[in-house]
Amino acid sequence: MTFYVTTPIYYVNAAPHLGHAYTTIAADVMARHHRQRDEDVFFLTGTDEHGEPVADAAHALGVEPQELADRNAERFKALAPKIGASNDFFIRTTDRQHEAGVQRVLARVRDNGFVYEGTYEGWYCPRCADFKAEAEIDPGNRCPIHHIELTREQEDNYFFRLSAFQQQLEQLYAERADFVAPRTRYNEALSFIRSGLRDVPLTRHKLTWGVRVPWDSEHVFYVWFDALLNYYTALSYARGEDLTGEFWPADYHLIGKDILRFHAIYWPALLMAAELELPRHIFVHGYLLMEGEKMSKSLGNVLDPFVVIERFGADALRFYVLREVPFGQDGSVSTASFELRYETELANELGNLASRTLAMIGRYRDWRLPPCPPDPALGADFEELTERVSALIDAAELTLALEEIWQRVRRLNRYVEENAPWRLAGEAERDAELDRVLRSLAEGLRAVTVLLWPYIPATAERLLAALGAPDLSLAAARLGAGGIERVRHVEPLFPKAA
Ligand code: MSP
(Lines give C-alpha, C1' and ligand atoms only; values in the text may rest on other atoms or scores of the structure.)
Protein backbone atom coordinates (compact mmCIF):
# COMPACT_ATOMS: atom_id res chain seq x y z
CA MET A 1 0.00 0.00 0.00
CA THR A 2 1.15 3.52 -0.74
CA PHE A 3 -0.09 6.84 0.60
CA TYR A 4 0.65 10.23 -0.93
CA VAL A 5 -0.33 13.40 0.94
CA THR A 6 0.39 17.03 0.08
CA THR A 7 0.07 20.51 1.56
CA PRO A 8 -0.44 23.62 -0.55
CA ILE A 9 2.86 25.17 -1.51
CA TYR A 10 3.30 28.43 0.36
CA TYR A 11 3.86 31.82 -1.21
CA VAL A 12 7.27 33.19 -0.42
CA ASN A 13 6.05 36.78 -0.41
CA ALA A 14 6.10 36.79 3.38
CA ALA A 15 7.40 34.82 6.34
CA PRO A 16 5.59 31.70 7.54
CA HIS A 17 2.90 32.05 10.19
CA LEU A 18 0.65 29.66 12.10
CA GLY A 19 -1.83 29.39 9.20
CA HIS A 20 0.92 27.77 7.12
CA ALA A 21 2.15 25.57 9.93
CA TYR A 22 -1.43 24.34 10.35
CA THR A 23 -1.75 22.47 7.05
CA THR A 24 1.74 21.06 7.36
CA ILE A 25 0.96 19.73 10.84
CA ALA A 26 -2.26 18.13 9.63
CA ALA A 27 -0.56 16.48 6.66
CA ASP A 28 2.18 15.26 8.97
CA VAL A 29 -0.35 13.59 11.26
CA MET A 30 -1.79 11.72 8.29
CA ALA A 31 1.64 10.77 6.96
CA ARG A 32 2.79 9.43 10.32
CA HIS A 33 -0.41 7.51 10.90
CA HIS A 34 -0.07 5.79 7.53
CA ARG A 35 3.56 4.94 8.25
CA GLN A 36 2.32 3.27 11.43
CA ARG A 37 0.21 1.11 9.18
CA ASP A 38 3.39 0.09 7.43
CA GLU A 39 2.42 1.82 4.19
CA ASP A 40 4.86 3.44 1.81
CA VAL A 41 4.24 7.12 2.42
CA PHE A 42 5.22 10.19 0.46
CA PHE A 43 4.55 13.52 2.13
CA LEU A 44 5.15 16.64 0.08
CA THR A 45 5.28 20.31 1.02
CA GLY A 46 7.13 23.30 -0.40
CA THR A 47 7.01 26.83 -1.71
CA ASP A 48 5.20 28.62 -4.51
CA GLU A 49 7.68 31.14 -5.80
CA HIS A 50 6.42 32.62 -9.05
CA GLY A 51 3.73 35.07 -10.00
CA GLU A 52 2.59 38.47 -8.95
CA PRO A 53 2.33 37.95 -5.18
CA VAL A 54 6.08 37.30 -5.07
CA ALA A 55 7.13 39.72 -7.83
CA ASP A 56 5.20 42.57 -6.17
CA ALA A 57 6.55 41.86 -2.71
CA ALA A 58 10.11 41.76 -4.08
CA HIS A 59 9.55 45.00 -5.93
CA ALA A 60 8.28 46.68 -2.77
CA LEU A 61 11.44 45.58 -0.95
CA GLY A 62 13.68 46.64 -3.82
CA VAL A 63 15.10 43.15 -4.39
CA GLU A 64 14.92 40.66 -7.26
CA PRO A 65 12.13 38.07 -6.97
CA GLN A 66 14.70 35.28 -6.92
CA GLU A 67 16.44 36.85 -3.95
CA LEU A 68 13.21 37.19 -1.99
CA ALA A 69 12.24 33.65 -2.95
CA ASP A 70 15.58 32.26 -1.78
CA ARG A 71 15.37 34.11 1.48
CA ASN A 72 11.82 33.14 2.37
CA ALA A 73 11.95 29.61 1.00
CA GLU A 74 14.66 28.98 3.59
CA ARG A 75 12.33 30.14 6.34
CA PHE A 76 9.53 27.82 5.20
CA LYS A 77 12.00 25.00 4.82
CA ALA A 78 13.25 25.62 8.36
CA LEU A 79 9.69 25.65 9.71
CA ALA A 80 9.03 22.05 8.68
CA PRO A 81 11.48 20.33 11.07
CA LYS A 82 10.66 22.88 13.76
CA ILE A 83 7.05 21.77 13.84
CA GLY A 84 8.09 18.14 13.68
CA ALA A 85 7.04 17.65 10.06
CA SER A 86 8.42 14.48 8.49
CA ASN A 87 8.01 15.56 4.87
CA ASP A 88 9.81 13.43 2.31
CA PHE A 89 10.62 16.36 0.06
CA PHE A 90 10.42 20.12 -0.04
CA ILE A 91 9.61 21.38 -3.52
CA ARG A 92 10.41 24.87 -4.74
CA THR A 93 8.69 25.89 -7.93
CA THR A 94 11.91 27.53 -9.06
CA ASP A 95 13.53 24.06 -9.16
CA ARG A 96 14.65 23.52 -12.75
CA GLN A 97 13.14 20.05 -12.89
CA HIS A 98 9.76 21.41 -11.78
CA GLU A 99 9.86 24.11 -14.46
CA ALA A 100 10.69 21.56 -17.13
CA GLY A 101 7.85 19.35 -15.89
CA VAL A 102 5.36 22.22 -16.07
CA GLN A 103 6.42 22.97 -19.64
CA ARG A 104 6.06 19.34 -20.63
CA VAL A 105 2.60 18.85 -19.16
CA LEU A 106 1.20 22.15 -20.41
CA ALA A 107 2.58 21.56 -23.90
CA ARG A 108 0.66 18.29 -23.86
CA VAL A 109 -2.49 20.13 -22.79
CA ARG A 110 -2.00 22.38 -25.80
CA ASP A 111 -1.31 19.45 -28.15
CA ASN A 112 -4.55 17.92 -26.90
CA GLY A 113 -6.42 21.00 -28.12
CA PHE A 114 -7.28 22.74 -24.86
CA VAL A 115 -5.30 25.96 -25.35
CA TYR A 116 -6.16 28.94 -27.56
CA GLU A 117 -5.24 32.62 -27.89
CA GLY A 118 -7.58 35.28 -26.59
CA THR A 119 -7.91 38.53 -24.70
CA TYR A 120 -8.77 38.64 -21.02
CA GLU A 121 -10.62 41.55 -19.60
CA GLY A 122 -11.77 41.73 -16.00
CA TRP A 123 -10.90 42.18 -12.35
CA TYR A 124 -7.77 40.75 -10.85
CA CYS A 125 -6.32 40.52 -7.33
CA PRO A 126 -2.52 40.55 -7.43
CA ARG A 127 -2.34 39.21 -3.87
CA CYS A 128 -4.52 36.16 -4.67
CA ALA A 129 -3.13 36.00 -8.20
CA ASP A 130 -6.74 35.39 -9.10
CA PHE A 131 -9.16 36.67 -11.72
CA LYS A 132 -12.39 37.64 -9.98
CA ALA A 133 -15.88 37.39 -11.40
CA GLU A 134 -18.18 40.41 -10.89
CA ALA A 135 -20.34 38.40 -8.52
CA GLU A 136 -17.57 37.69 -6.03
CA ILE A 137 -16.02 41.12 -5.57
CA ASP A 138 -16.69 43.46 -2.65
CA PRO A 139 -18.11 46.98 -3.00
CA GLY A 140 -15.58 49.47 -4.31
CA ASN A 141 -14.07 46.72 -6.48
CA ARG A 142 -12.23 45.20 -3.56
CA CYS A 143 -10.87 41.73 -2.99
CA PRO A 144 -13.11 39.86 -0.53
CA ILE A 145 -10.06 38.17 0.98
CA HIS A 146 -7.37 40.84 1.05
CA HIS A 147 -9.64 43.91 1.12
CA ILE A 148 -7.33 45.64 -1.39
CA GLU A 149 -8.54 47.40 -4.52
CA LEU A 150 -8.65 45.09 -7.53
CA THR A 151 -6.97 46.01 -10.77
CA ARG A 152 -8.75 46.11 -14.10
CA GLU A 153 -6.79 43.86 -16.42
CA GLN A 154 -6.77 43.67 -20.17
CA GLU A 155 -4.27 41.31 -21.63
CA ASP A 156 -3.67 39.00 -24.58
CA ASN A 157 -3.20 35.54 -23.17
CA TYR A 158 -3.37 31.92 -23.98
CA PHE A 159 -6.50 30.45 -22.45
CA PHE A 160 -7.17 27.09 -20.91
CA ARG A 161 -10.42 25.64 -22.23
CA LEU A 162 -11.93 24.95 -18.81
CA SER A 163 -15.44 25.06 -20.27
CA ALA A 164 -14.72 21.88 -22.23
CA PHE A 165 -14.74 19.97 -18.93
CA GLN A 166 -18.13 21.07 -17.69
CA GLN A 167 -19.75 17.71 -18.21
CA GLN A 168 -16.83 15.59 -17.10
CA LEU A 169 -16.52 17.56 -13.88
CA GLU A 170 -20.22 17.20 -13.16
CA GLN A 171 -19.87 13.51 -13.76
CA LEU A 172 -16.82 13.31 -11.50
CA TYR A 173 -18.76 14.91 -8.67
CA ALA A 174 -21.75 12.65 -9.29
CA GLU A 175 -19.61 9.52 -9.20
CA ARG A 176 -17.30 10.44 -6.36
CA ALA A 177 -19.10 11.91 -3.39
CA ASP A 178 -15.85 11.82 -1.43
CA PHE A 179 -13.76 13.70 -3.98
CA VAL A 180 -14.04 16.87 -1.91
CA ALA A 181 -14.72 17.02 1.84
CA PRO A 182 -16.23 18.34 4.08
CA ARG A 183 -19.61 18.17 2.39
CA THR A 184 -20.17 21.94 2.45
CA ARG A 185 -17.03 22.38 0.34
CA TYR A 186 -18.12 19.65 -2.03
CA ASN A 187 -21.42 21.48 -2.48
CA GLU A 188 -19.66 24.79 -2.95
CA ALA A 189 -17.42 23.39 -5.69
CA LEU A 190 -20.29 21.62 -7.38
CA SER A 191 -22.46 24.70 -7.44
CA PHE A 192 -19.60 26.67 -8.96
CA ILE A 193 -19.36 24.05 -11.70
CA ARG A 194 -23.12 24.06 -12.23
CA SER A 195 -23.16 27.83 -12.56
CA GLY A 196 -21.28 27.32 -15.84
CA LEU A 197 -17.52 27.16 -16.34
CA ARG A 198 -15.69 29.82 -18.27
CA ASP A 199 -12.27 29.50 -19.83
CA VAL A 200 -9.39 30.94 -17.82
CA PRO A 201 -6.07 32.55 -18.68
CA LEU A 202 -3.27 29.99 -18.79
CA THR A 203 -0.46 32.48 -19.37
CA ARG A 204 0.50 36.04 -18.50
CA HIS A 205 2.01 38.43 -20.96
CA LYS A 206 2.81 41.26 -18.60
CA LEU A 207 4.81 39.22 -16.14
CA THR A 208 8.30 37.86 -16.58
CA TRP A 209 8.64 36.13 -13.19
CA GLY A 210 7.34 32.67 -14.01
CA VAL A 211 7.86 29.51 -16.03
CA ARG A 212 8.46 30.41 -19.67
CA VAL A 213 5.82 29.21 -22.12
CA PRO A 214 7.72 26.88 -24.46
CA TRP A 215 5.75 27.83 -27.57
CA ASP A 216 5.83 31.61 -26.98
CA SER A 217 8.75 33.14 -25.12
CA GLU A 218 6.86 36.40 -24.54
CA HIS A 219 4.62 34.65 -21.99
CA VAL A 220 5.00 32.92 -18.67
CA PHE A 221 2.47 30.48 -17.28
CA TYR A 222 -0.15 31.83 -14.95
CA VAL A 223 1.18 31.03 -11.51
CA TRP A 224 -1.68 28.77 -10.47
CA PHE A 225 -1.07 26.25 -13.26
CA ASP A 226 2.64 26.22 -12.47
CA ALA A 227 1.84 25.82 -8.75
CA LEU A 228 -0.77 23.06 -9.00
CA LEU A 229 1.57 20.95 -11.08
CA ASN A 230 4.03 20.75 -8.17
CA TYR A 231 2.05 17.80 -6.85
CA TYR A 232 2.87 15.93 -10.03
CA THR A 233 6.38 17.09 -10.93
CA ALA A 234 7.85 16.56 -7.44
CA LEU A 235 7.53 12.80 -7.67
CA SER A 236 9.67 12.71 -10.80
CA TYR A 237 12.80 14.15 -9.18
CA ALA A 238 12.45 14.19 -5.40
CA ARG A 239 14.61 11.13 -4.87
CA GLY A 240 16.66 10.87 -7.99
CA GLU A 241 14.43 8.07 -9.30
CA ASP A 242 10.99 8.65 -10.77
CA LEU A 243 8.36 7.80 -8.14
CA THR A 244 5.34 8.78 -10.22
CA GLY A 245 4.38 5.20 -10.98
CA GLU A 246 4.47 4.32 -7.32
CA PHE A 247 2.66 7.28 -5.77
CA TRP A 248 0.51 8.98 -8.40
CA PRO A 249 -2.28 9.98 -8.00
CA ALA A 250 -2.27 11.71 -4.61
CA ASP A 251 -4.46 10.21 -1.90
CA TYR A 252 -5.00 13.55 -0.20
CA HIS A 253 -4.47 17.16 -1.08
CA LEU A 254 -5.00 19.17 2.10
CA ILE A 255 -5.89 22.79 1.40
CA GLY A 256 -7.41 25.88 2.99
CA LYS A 257 -10.87 26.99 1.92
CA ASP A 258 -9.58 30.05 0.03
CA ILE A 259 -7.98 27.86 -2.63
CA LEU A 260 -10.88 25.48 -3.13
CA ARG A 261 -11.76 26.48 -6.67
CA PHE A 262 -8.23 25.97 -7.97
CA HIS A 263 -8.00 22.51 -6.47
CA ALA A 264 -11.54 21.26 -6.85
CA ILE A 265 -12.16 22.57 -10.38
CA TYR A 266 -9.09 23.78 -12.28
CA TRP A 267 -6.89 20.96 -11.04
CA PRO A 268 -9.02 17.97 -12.06
CA ALA A 269 -9.80 19.69 -15.38
CA LEU A 270 -6.12 20.28 -16.02
CA LEU A 271 -5.32 16.66 -15.25
CA MET A 272 -8.07 15.47 -17.55
CA ALA A 273 -6.69 17.72 -20.29
CA ALA A 274 -3.23 16.23 -19.75
CA GLU A 275 -4.66 12.68 -19.56
CA LEU A 276 -3.39 12.14 -16.03
CA GLU A 277 -5.14 10.38 -13.18
CA LEU A 278 -7.10 12.51 -10.71
CA PRO A 279 -6.37 12.72 -6.98
CA ARG A 280 -8.48 10.57 -4.68
CA HIS A 281 -9.42 13.19 -2.10
CA ILE A 282 -9.25 16.89 -1.48
CA PHE A 283 -9.81 17.88 2.11
CA VAL A 284 -10.54 21.52 2.84
CA HIS A 285 -9.77 22.95 6.24
CA GLY A 286 -11.01 26.24 7.63
CA TYR A 287 -9.21 29.29 8.89
CA LEU A 288 -7.48 29.82 12.16
CA LEU A 289 -8.93 33.09 13.30
CA MET A 290 -7.52 35.63 15.69
CA GLU A 291 -10.04 38.08 17.01
CA GLY A 292 -12.52 36.99 14.37
CA GLU A 293 -10.30 37.61 11.32
CA LYS A 294 -8.27 35.21 9.21
CA MET A 295 -4.77 35.26 10.53
CA SER A 296 -2.55 36.70 7.87
CA LYS A 297 0.64 38.62 7.55
CA SER A 298 -1.02 41.45 5.65
CA LEU A 299 -3.60 41.91 8.41
CA GLY A 300 -0.85 41.78 11.03
CA ASN A 301 -2.69 39.46 13.45
CA VAL A 302 -0.42 36.44 13.46
CA LEU A 303 0.53 33.99 16.16
CA ASP A 304 4.19 33.27 15.54
CA PRO A 305 4.70 29.51 15.58
CA PHE A 306 8.41 29.93 16.24
CA VAL A 307 7.71 31.80 19.46
CA VAL A 308 5.12 29.26 20.68
CA ILE A 309 7.48 26.37 19.92
CA GLU A 310 10.32 28.06 21.75
CA ARG A 311 8.24 28.23 24.92
CA PHE A 312 6.09 25.11 24.80
CA GLY A 313 7.57 22.78 22.20
CA ALA A 314 6.27 21.69 18.82
CA ASP A 315 4.08 18.89 20.18
CA ALA A 316 2.00 21.30 22.24
CA LEU A 317 1.38 23.44 19.17
CA ARG A 318 0.48 20.45 17.00
CA PHE A 319 -1.93 19.16 19.62
CA TYR A 320 -3.47 22.56 20.19
CA VAL A 321 -4.32 23.46 16.59
CA LEU A 322 -5.91 20.11 15.88
CA ARG A 323 -7.75 19.97 19.19
CA GLU A 324 -8.95 23.55 19.49
CA VAL A 325 -10.35 24.00 15.98
CA PRO A 326 -12.39 21.14 14.48
CA PHE A 327 -10.43 20.21 11.37
CA GLY A 328 -12.54 21.32 8.43
CA GLN A 329 -14.12 24.30 10.17
CA ASP A 330 -13.06 27.83 11.04
CA GLY A 331 -12.12 28.44 14.63
CA SER A 332 -10.49 30.95 16.92
CA VAL A 333 -7.08 30.53 18.42
CA SER A 334 -5.55 32.62 21.16
CA THR A 335 -2.72 32.58 23.63
CA ALA A 336 -5.20 32.20 26.48
CA SER A 337 -6.90 29.10 25.06
CA PHE A 338 -3.51 27.65 24.15
CA GLU A 339 -2.27 27.98 27.71
CA LEU A 340 -5.48 26.56 29.10
CA ARG A 341 -5.29 23.42 26.97
CA TYR A 342 -1.61 23.03 27.69
CA GLU A 343 -2.27 23.13 31.38
CA THR A 344 -5.49 21.13 31.69
CA GLU A 345 -5.10 18.54 28.97
CA LEU A 346 -1.43 18.06 28.18
CA ALA A 347 0.13 18.73 31.56
CA ASN A 348 -2.67 17.45 33.82
CA GLU A 349 -4.54 14.77 31.92
CA LEU A 350 -1.72 13.18 29.95
CA GLY A 351 1.43 14.38 31.72
CA ASN A 352 0.23 13.52 35.22
CA LEU A 353 -1.21 10.21 34.13
CA ALA A 354 2.21 9.26 32.77
CA SER A 355 4.19 10.46 35.80
CA ARG A 356 1.81 8.83 38.25
CA THR A 357 1.68 5.53 36.46
CA LEU A 358 5.43 5.23 36.19
CA ALA A 359 6.02 6.47 39.72
CA MET A 360 3.58 3.92 41.19
CA ILE A 361 5.24 1.06 39.33
CA GLY A 362 8.53 2.36 40.69
CA ARG A 363 7.31 2.66 44.24
CA TYR A 364 5.23 -0.51 44.55
CA ARG A 365 7.06 -2.85 42.18
CA ASP A 366 10.59 -1.50 41.96
CA TRP A 367 10.05 -0.46 38.26
CA ARG A 368 9.14 -3.99 37.18
CA LEU A 369 5.75 -5.19 35.97
CA PRO A 370 4.99 -8.80 36.83
CA PRO A 371 3.40 -10.65 33.88
CA CYS A 372 -0.39 -10.68 33.98
CA PRO A 373 -3.15 -9.77 31.52
CA PRO A 374 -4.79 -6.32 31.64
CA ASP A 375 -8.16 -5.75 33.26
CA PRO A 376 -11.02 -6.86 30.96
CA ALA A 377 -13.10 -3.97 32.31
CA LEU A 378 -10.63 -1.53 30.81
CA GLY A 379 -10.17 -3.73 27.75
CA ALA A 380 -13.79 -3.17 26.80
CA ASP A 381 -13.17 0.58 26.58
CA PHE A 382 -10.26 0.08 24.23
CA GLU A 383 -12.02 -2.38 21.95
CA GLU A 384 -11.94 -1.34 18.26
CA LEU A 385 -10.16 1.89 19.20
CA THR A 386 -7.44 1.48 16.60
CA GLU A 387 -10.00 0.75 13.90
CA ARG A 388 -12.05 3.78 14.83
CA VAL A 389 -9.05 6.09 14.85
CA SER A 390 -7.86 4.72 11.51
CA ALA A 391 -11.26 5.16 9.90
CA LEU A 392 -11.42 8.77 11.07
CA ILE A 393 -7.93 9.56 9.87
CA ASP A 394 -8.77 7.91 6.54
CA ALA A 395 -11.50 10.53 6.25
CA ALA A 396 -9.07 13.30 7.38
CA GLU A 397 -11.20 13.80 10.50
CA LEU A 398 -8.16 14.64 12.56
CA THR A 399 -9.97 16.36 15.40
CA LEU A 400 -12.49 13.56 15.82
CA ALA A 401 -9.72 10.97 15.80
CA LEU A 402 -7.87 12.89 18.49
CA GLU A 403 -11.06 13.10 20.55
CA GLU A 404 -11.46 9.29 20.37
CA ILE A 405 -7.96 8.89 21.74
CA TRP A 406 -8.41 11.58 24.37
CA GLN A 407 -11.51 9.92 25.74
CA ARG A 408 -9.26 6.96 26.56
CA VAL A 409 -6.74 9.23 28.28
CA ARG A 410 -9.61 10.42 30.47
CA ARG A 411 -10.80 6.87 30.97
CA LEU A 412 -7.35 5.94 32.29
CA ASN A 413 -7.41 8.83 34.74
CA ARG A 414 -10.76 7.60 36.04
CA TYR A 415 -9.34 4.09 36.25
CA VAL A 416 -6.63 5.35 38.60
CA GLU A 417 -9.23 6.97 40.84
CA GLU A 418 -11.59 3.98 40.76
CA ASN A 419 -8.88 1.50 41.68
CA ALA A 420 -6.78 3.64 44.00
CA PRO A 421 -3.54 1.62 43.70
CA TRP A 422 -2.17 3.35 46.82
CA ARG A 423 -4.88 1.61 48.81
CA LEU A 424 -4.22 -1.78 47.26
CA ALA A 425 -0.54 -1.36 48.02
CA GLY A 426 -1.32 -1.30 51.72
CA GLU A 427 -2.98 -4.74 51.68
CA ALA A 428 -0.74 -7.73 51.12
CA GLU A 429 -3.57 -10.07 50.07
CA ARG A 430 -4.44 -7.75 47.20
CA ASP A 431 -1.07 -8.08 45.49
CA ALA A 432 -2.45 -9.73 42.37
CA GLU A 433 -5.06 -7.03 42.07
CA LEU A 434 -2.40 -4.34 42.27
CA ASP A 435 -0.36 -6.12 39.59
CA ARG A 436 -3.35 -6.10 37.32
CA VAL A 437 -4.18 -2.45 37.92
CA LEU A 438 -0.60 -1.34 37.28
CA ARG A 439 -0.35 -3.52 34.19
CA SER A 440 -3.63 -2.12 32.87
CA LEU A 441 -2.52 1.45 33.41
CA ALA A 442 0.85 0.89 31.79
CA GLU A 443 -0.74 -0.91 28.84
CA GLY A 444 -3.48 1.68 28.44
CA LEU A 445 -0.96 4.46 28.57
CA ARG A 446 1.19 2.68 26.02
CA ALA A 447 -1.76 2.12 23.66
CA VAL A 448 -2.92 5.75 23.74
CA THR A 449 0.65 6.93 23.32
CA VAL A 450 1.12 4.85 20.16
CA LEU A 451 -2.08 6.39 18.79
CA LEU A 452 -1.00 9.87 19.86
CA TRP A 453 2.38 9.56 18.18
CA PRO A 454 1.24 11.21 14.91
CA TYR A 455 0.01 14.21 16.92
CA ILE A 456 2.77 14.57 19.51
CA PRO A 457 5.65 12.53 18.11
CA ALA A 458 8.55 13.69 20.28
CA THR A 459 6.62 13.34 23.54
CA ALA A 460 5.20 9.96 22.54
CA GLU A 461 8.65 8.62 21.75
CA ARG A 462 9.98 9.76 25.13
CA LEU A 463 7.11 8.17 26.96
CA LEU A 464 7.30 4.89 25.05
CA ALA A 465 11.02 4.74 25.80
CA ALA A 466 10.24 5.15 29.51
CA LEU A 467 7.70 2.35 29.22
CA GLY A 468 10.36 0.18 27.58
CA ALA A 469 8.04 -0.38 24.63
CA PRO A 470 9.25 1.58 21.61
CA ASP A 471 7.09 -0.24 19.01
CA LEU A 472 5.18 2.46 17.09
CA SER A 473 3.26 0.26 14.71
CA LEU A 474 -0.49 0.53 14.78
CA ALA A 475 -0.73 -3.16 15.62
CA ALA A 476 0.98 -2.28 18.92
CA ALA A 477 -1.86 0.06 19.88
CA ARG A 478 -3.91 -2.80 21.33
CA LEU A 479 -4.21 -3.26 25.06
CA GLY A 480 -1.98 -6.16 26.01
CA ALA A 481 0.14 -6.10 22.85
CA GLY A 482 3.06 -4.40 24.58
CA GLY A 483 4.73 -6.94 26.83
CA ILE A 484 6.06 -4.24 29.18
CA GLU A 485 8.57 -5.61 31.70
CA ARG A 486 10.52 -2.72 33.11
CA VAL A 487 9.75 0.97 33.14
CA ARG A 488 11.68 4.01 34.25
CA HIS A 489 11.10 7.49 35.54
CA VAL A 490 10.23 10.22 33.04
CA GLU A 491 10.70 13.96 33.55
CA PRO A 492 7.43 15.94 33.31
CA LEU A 493 6.22 15.64 29.72
CA PHE A 494 4.69 19.11 29.70
CA PRO A 495 6.50 21.23 32.25
CA LYS A 496 5.33 24.66 33.27
CA ALA A 497 6.65 27.09 30.70
CA ALA A 498 9.43 29.43 31.69
N1 MSP B 1 0.57 29.45 -3.11
C2 MSP B 1 -0.82 29.23 -2.90
C3 MSP B 1 -1.16 27.75 -2.88
C4 MSP B 1 -0.75 26.98 -4.09
S5 MSP B 1 -1.10 25.28 -3.93
C6 MSP B 1 -0.83 24.62 -5.42
C7 MSP B 1 -1.25 29.88 -1.60
N8 MSP B 1 -0.29 30.11 -0.71
S9 MSP B 1 -0.51 30.80 0.71
O10 MSP B 1 0.79 30.82 1.32
O11 MSP B 1 -1.15 32.04 0.55
O12 MSP B 1 -1.49 29.91 1.51
C13 MSP B 1 -1.22 28.56 1.69
C14 MSP B 1 -2.22 27.88 2.56
O15 MSP B 1 -2.20 28.42 3.86
C16 MSP B 1 -3.66 28.00 2.07
O17 MSP B 1 -4.24 26.73 2.10
C18 MSP B 1 -4.32 28.89 3.07
O19 MSP B 1 -5.64 28.55 3.25
C20 MSP B 1 -3.52 28.55 4.31
N21 MSP B 1 -3.66 29.57 5.30
C22 MSP B 1 -3.13 30.82 5.29
N23 MSP B 1 -3.61 31.47 6.37
C24 MSP B 1 -4.46 30.68 7.06
C25 MSP B 1 -5.12 30.76 8.29
N26 MSP B 1 -5.12 31.85 9.01
N27 MSP B 1 -5.73 29.65 8.75
C28 MSP B 1 -5.66 28.45 8.11
N29 MSP B 1 -5.03 28.35 6.96
C30 MSP B 1 -4.63 29.49 6.29
O31 MSP B 1 -2.42 30.10 -1.43
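**Ligand shell**

I started with strand 1, which gives the most to the shell around the ligand, four residues. Strands here are DSSP runs of E with at least two residues, helices are runs of H or I with at least four, and both are numbered from the N terminus. I kept in mind that this is a predicted model, where local features need pLDDT of at least 70, side-chain atom pairs count only at pLDDT 80 or more, and totals for chains, interfaces and linings use all residues. Residues are numbered from 1 along each chain as its sequence is written, and side-chain values use heavy atoms, with hydrogens and water left out.

Which residues come nearest to the ligand? Of the 25 around it, I noted I9, D48, G256, D258 and L288; a residue is near if one of its heavy atoms lies within 4 Å. I sorted the shell by type and got 14 nonpolar, eight polar and three charged residues.

Next I looked up polar atoms. A polar side-chain atom of D48 sits 2.7 Å from a nitrogen atom of the ligand. A polar backbone atom of I9 is 2.9 Å from a ligand nitrogen, and a backbone N or O atom of G256 is 2.9 Å from a ligand oxygen. The ligand taken alone exposes 660 Å², and the protein buries 94% of that (Shrake-Rupley, 1.4 Å probe; for residues, only the protein chains shown count as cover). Besides strand 1 (2-11), the elements giving two or more residues to the shell are helix 1 (18-36), helix 7 (223-228), helix 8 (230-237) and strand 12 (252-256).

**Helix 5**

I then checked helix 5 (166-175), where Q166, L169, L172 and Y173 are buried. Buried means under 20% relative accessible area, exposed over 50%, and partly exposed in between (1.4 Å probe, protein chains only). Why are they on the same side of helix 5? They cover an arc of only 130 degrees around the axis, taken from the directions from the helix axis to the C-beta atoms. The face turned away carries the exposed Q167, A174 and E175. The buried residues pack against strand 7 (180-181), helix 6 (183-194) and helix 10 (260-273); contact means heavy atoms within 4.5 Å.

**R261**

I moved on to helix 10, where R261 has its place. R261 is buried at 15% relative accessible area. Its side chain joins that of D130 in a polar contact of 3.0 Å. A polar contact is a pair of N or O atoms within 3.5 Å; within protein, one must be able to donate a hydrogen and the other to accept it, and residues adjacent in sequence count only if both atoms are side-chain atoms. Not counting residues up to four places away in sequence, R261 also touches F131, E136, F192 and Y266.

W406 and E349 are 57 residues apart in sequence, with 9.1 Å from C-alpha to C-alpha.

W406 also touches R323, among others. I placed R323 in helix 12 (314-324), buried at 11%.

How values were computed: Nonpolar A, V, L, I, M, F, W, Y, C, P; charged D, E, K, R; others polar.
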